[in-house]
Amino acid sequence: MEKIIIKEHRHCPDSFKHSVIKEYLSGEIGYRALLKKHDIKSSGSIARWMRQLGYTKIPEKARYLPLITPASLPVKKVNKDQSSDFLSQDQRIKELERLLEDEQLRSEAYRRMIEIAEKELNIPIRKKSDTR
């Protein structure tokens, strides 16, 4: 004997759909929390509503934090009288020490990411020293 599964389709008014979409686009609440808050059963409902209602740009959420490159770090302002070529030796040393510390932190972050990926995903990332 076969089980018959009946899916309950609820009709939501467009005004409700618009309000949920606006709440999603504001970014104040996560996707899953929004589904739970409004008791929306289908996980693809909001994206489907956005297509149906003409929202052309569906935002892609970033899965990872953006990398901060040294170029994106704020640059110290130099007085017009003082040229970057004539920085004192102490200032140059402090700047290089700061850059070294940034690179050490970046290196530690990459090392930890690799360790976590190897442990959780069971993927060998590092090259073994005995291989040729």
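The legends below describe close-up views of a predicted model.

**View 1. The chain as a whole has four helices and zero strands.** Helices are DSSP runs of H or I with at least four residues, and strands are runs of E with at least two, numbered from the N terminus. Of the 132 residues, 11% count as buried (under 20% relative accessible area; exposed is over 50%, partly exposed in between; 1.4 Å probe, protein chains only).

**View 2. The largest nonpolar core has 10 residues.** Among them are Cys12, Val20, Tyr24, Leu34, Ile46 and Trp49. Such a core is a set of buried Ala, Val, Leu, Ile, Met, Phe, Trp, Tyr and Cys residues joined through side-chain atoms within 4.5 Å. At least two core residues come from each of helix 1, helix 2 (31-37) and helix 3 (45-52).

**View 3. Lys17 lies in helix 1 (residues 14-26).** Lys17 is buried and has no salt bridge (a side-chain nitrogen of Lys or Arg within 4 Å of a carboxyl oxygen of Asp or Glu). Asp14, the nearest side chain of opposite charge, is 4.1 Å away. Beyond neighbours within four places in sequence, Lys17 contacts Cys12, Trp49, Gln52 and Leu53, where contact means heavy atoms within 4.5 Å.

**View 4. Ile125 is in the segment after helix 4 (89-121).** Ile125 is partly exposed, with a relative accessible area of 44%.

Residues are numbered from 1 along each chain as its sequence is written, and side-chain values use heavy atoms, without hydrogens and water. Local features need pLDDT of at least 70 and side-chain atom pairs count only at pLDDT 80 or more, while totals for chains, interfaces and linings use all residues.

Technical notes:
Lys, Arg positive; Asp, Glu negative; His and termini not counted.
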